[in-house]
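Subject: Structure handover

Hello,

Here is the structure for your files. My notes on a helix pair and a domain interface follow below.

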Amino acid sequence: MDVFPAPALAMVETMRAAAAAQPQRAIAFQGAPGANSHRAAMEWDPDALPYPCFSFAAAIEAVEAGEAACAMIPIDNSQAGRVADIHFLLPESGLSIVGEHFLAIHHALMATVPAGPFRAAYSHPHALAQSRAYLRARGIVPVAHADTAGSAAWVAEQGDPTIAAIAPALAADLYGLRIVEENVEDAADNTTRFVVLARKPLDAAALGGRPAMTTFVFEVNNVPAALYKALGSFATNGVNMTKLESYQKGASFAATMFFADIVGAAGEPAVDRALAELRFHCKDVQMFGSYPLARERG
């Protein structure tokens, strides 16, 4: 806990104490209070108790240990691409995806003073990437920090008028900073997709017939055209694949894993047929669950 900047520690301790008393209501997230993951958690469940963690791994571990009912983890941003290393964290965790949430991301430049010039701006690498053009135009050097709200707390702690933070406007209120400019992201439609992780997957009854997504990873057999044949499982059964990302497994660079999202839920005939065919062409398929669709694809 002591890795959070001092201005954030009291809030972290208060939130964690409340969550410890009612872990069934707690949502773990990465970042200091006021981070976008905090905002996403409270949008998804306004009655939840926020449980701030310093890293994505710590947020997942809080769920594994029963300290929180679920975790809110960002995985994709419309500007900067992949956010968290969920490809590596999720398979090892044994957790399931039980929901998704899309959050409109708006960043503010904040500091201890109302105006610059500033020599540097601190924030999470993705927030800096989402504000790249804004910073370049003003000659402000981007400096990576563990998270957006944490960077605001750190700037408040330093008290240096030549540095700023890029964070949600809420962070300025929490840490006593002045907002220099709002909406400094380079694209007005800047959006992050989050997934909600829990210890148990949703069953068909919990989905209630609603449109659903299913997420999984797979490793194809080491034969020619294996990926082509694997993907054909979905084409021939009319199942829409909306995400496919590759990543290396181990240091040999001989085994490639694929992280995928499809529209539909396990238990639906077309989805079950597609997954059965997929397994025929794969060394391994690991399912992460089916969950309600938060935004239409296509």
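In α3, Phe56, Ala57, Ile60 and Glu64 meet Leu89, Glu92 and Ser93 of α4, with contact meaning heavy atoms within 4.5 Å. By class, the residues of this contact are 4 nonpolar, 1 polar and 2 charged (Ala, Val, Leu, Ile, Met, Phe, Trp, Tyr, Cys and Pro count as nonpolar, Asp, Glu, Lys and Arg as charged, the others, Gly among them, as polar).

This is a predicted model: local features need pLDDT of at least 70, side-chain atom pairs count only at pLDDT 80 or more, and totals for chains, interfaces and linings use all residues. Residues are numbered from 1 along each chain as its sequence is written, and side-chain values use heavy atoms, with hydrogens and water left out.

Helix α3 covers residues 56-64 and helix α4 residues 86-93 (helices are DSSP runs of H or I, at least four residues, numbered from the N terminus). Their axes come within 11 Å and cross at roughly 20° (lines fitted to C-alpha atoms over the stretch in contact, angles from 0 to 180 degrees between N-to-C directions). The two helices are therefore roughly parallel (angles under 35 degrees).

On the domains, the assignment (automatic or from a database) gives domain 1 (6-105 + 191-198), domain 2 (108-181) and domain 3 (209-292). The C-alpha centres of domain 1 and domain 2 are 22 Å apart. In the contact between them, 20 residues of domain 1 face 15 residues of domain 2.

Regards

Conventions. Parallel < 35°, antiparallel > 145°, perpendicular 65-115°, else oblique.
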